[in-house]
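Dear colleague,

I am handing over the structure we talked about, and below it you will find a careful account of what was found. Please keep it open while you read, so that you can look up each residue as it comes up.

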Amino acid sequence: MNQDSFERLDRAVQGESGGGLFGLLKQIKPKLGGTALILAGGLSRQRAEELISEGLIDLAGFGQAFISNPDLVARLEHGWPLTPADRDTFYGGDERGYIDYAPHKG
Ligand SMILES: Cc1cc2nc3c(=O)[nH]c(=O)nc-3n(C[C@H](O)[C@H](O)[C@H](O)COP(=O)(O)O)c2cc1C
């Protein structure tokens, strides 16, 4: 990206160009050339697929859902329900919230 691209990206991030996240992605994606764009943050499988099929991102990242669903990939693949993460157990203490989430039982 050149300086002009960075300035427009900065304005988009600040919300000055309108369009929210969708507008931001539309602005930056064409500037990336062959560089893959990974988006993470509050994504569902459906939203991730929409953004990928719209050509706005290349890959979707999942964070909290991976903590509370040890079999997240299988759950997304099969449309199984996701276990919500317990935020109170984030950032340490003991094993709670890290090794006690059960895999999906069909
Ligand atoms: C417990 C926890 C710790 C995280 N720590 C970091 C971190 O140290 N640095 C970072 O860049 N992102 C961190 N993240 C953000 C994740 O890398 C990821 O971008 C984010 O969780 C994706 O959003 P999602 O959880 O809504 O899927 C953390 C997320 C969680 C849930």
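Two residues are in contact if their C-beta atoms, placed from the backbone, lie within 7 Å. Among such contacts in the protein chain between residues at least 6 apart in sequence, 26% join residues at least 24 apart. Please bear in mind throughout that this is a predicted model.

To begin with the overall layout, the protein chain holds 5 helices and 2 strands, and read from the N terminus on, these elements follow the order α-α-β-α-β-α-α. The chain has 106 residues, of which 5% count as buried.

Next comes the ligand, whose surroundings are formed by Ala40, Gly41, Gly42, Leu43, Gly61, Phe62, Gly63, Gln64, Ala65, Phe90 and Tyr91.

Glycine 42 belongs to the loop between β1 and α3 (45-53), and it is exposed, because 11 other C-beta atoms lie within 10 Å and a residue with 12 or fewer counts as exposed. Its C-alpha atom is separated by 8.5 Å from that of glycine 63, which is 21 residues apart from glycine 42 along the chain and is also listed among the residues around the ligand. Tyrosine 91, in turn, sits in the segment after α5 (72-78) and has a positive phi of about 65°, although it is not a glycine. Is tyrosine 91 buried or exposed? With 7 other C-beta atoms within 10 Å, tyrosine 91 is exposed.

Leucine 39 is found in strand β1, which spans residues 38-40. Leucine 39 is partly exposed, because it has 18 other C-beta atoms within 10 Å, whereas a buried residue needs 20 or more. Leaving aside residues up to four places away in sequence, leucine 39 touches Leu51, Ile57, Ala60 and Gly61. For one of these, alanine 60, the C-alpha atom is separated from that of leucine 39 by 5.2 Å, although the two residues are 21 residues apart along the chain.

Finally, glycine 55 lies in the loop between α3 and β2 (59-61), and it counts as exposed because it has 12 C-beta neighbours inside 10 Å.

Terms used: Residues numbered from 1 in each chain as written. Predicted model: local features only at pLDDT ≥ 70, side-chain atom pairs only at ≥ 80, totals over all residues. Near = placed C-beta within 6 Å. Helix = DSSP H or I, 4+ residues; strand = E, 2+ residues; numbered from the N terminus.
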